[in-house]
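Please walk me through the salt bridges and one of the helices here, with the cut-offs behind each term.

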Amino acid sequence: MTADEPPQQCGVLAPQATQEETVATAGALYRALDEAGLGDLRPVLEHRKDIPYIKLHAIDTQQATRLEHLVRKGLDGNYSLAEELRCAVLDHGLVDFPVPVVWGLDRIALGEISIHMADRLACILGAEPGPEPAEIPDWPEANAVYSRLNTAFKAATGGAFMDMHLHAYCRRCDEDPAIELVAIKLDTARRFVKALQNSAATVSRS
């Protein structure tokens with residue numbers, strides 16, 4: 001980065017926006033900040049290599065605190081959904097399931113689960129019980145659980161998609177096999193919660 005280039009963290013970049021679109025966005029951001037009592041934070045239109053972007057200049061501690069409060073308030077629904085998902089998972093006794101975390105504006109981050117937990121989760125979501133996985137499942141066994149969970153998740157959520165990655169046992173790293181559940185969109189998280197709640201209700205009635 002050269003001396004005349006702005007630091008990445010201070011700008012709201014819009015690499016595909018036109019000059020007019022960027023000006024309009026800067027105006028909308030200023031109005032929102034003004035309505036929130038932060039009218040002295042004036043978005044400035046600048047350019048880098050002929051690409052327009054919006055920059056906020058130095059923000060003092062009080063302004064930064066206010067801005068943090070506003071951002072978090074805007075994400076209240078996301079935090080509530082993450083907590084709802086955490087509770088729905090715990091209702092099934094999956095205490096080692098990773099704590100759902102708000103990630104960006106439209107996603108809930110999950111994490112890695114063991115093959116045994118993935119097998120149990122697949123059953124919770126409606127999959128037929130399969131053979132009990134070995135203590136350290138080999139690749140075919142882990143892959144079979146991965147497929148069962150993927151199929152069960154789609155069926156239980158009405159076709160919602162959750163990106164999953166299978167990490168097989170690594171002799172060199174001596175790491176147990178696991179399935180990584182990639183961050184899911186908010187609508188998918190809502191469907192996931194509903195599927196878990198429906199399963200819990202079914203169990204309680206039986």
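Arg72 and Glu68 form a salt bridge, their closest N and O atoms lying 3.1 Å apart; the term requires a side-chain nitrogen of Lys or Arg within 4 Å of a carboxyl oxygen of Asp or Glu. This is a predicted model, in which local features need pLDDT of at least 70 and side-chain atom pairs pLDDT 80 or more, while totals for chains, interfaces and linings use all residues. Residues are numbered from 1 along each chain as its sequence is written, and side-chain values use heavy atoms, leaving out hydrogens and water.

Arg72 and Glu68 are four residues apart in helix α2, so about one helical turn separates them. Helices (H or I, at least four residues) and strands (E, at least two) are DSSP runs, numbered from the N terminus. Arg72 is partly exposed at 43% relative accessibility, and Glu68 is partly exposed at 41%. Buried means under 20% relative accessible area, exposed over 50%, and partly exposed in between (1.4 Å probe, protein chains only).

The whole structure holds four salt bridges. Another joins Arg86 to Glu83 at 2.8 Å between the closest N and O atoms; both residues lie in helix α3, three residues apart. Arg148 and Asp119 also meet in a salt bridge, at 2.4 Å from N to O. Arg148 lies in helix α5 and Asp119 in helix α4, so this pair ties together parts 29 residues apart in sequence. Both Arg148 and Asp119 are buried.

Helix α1 has Thr22, Ala26 and Leu33 as its buried residues. The exposed residues Glu20, Arg31 and Glu35 are on the face turned away from that buried side.
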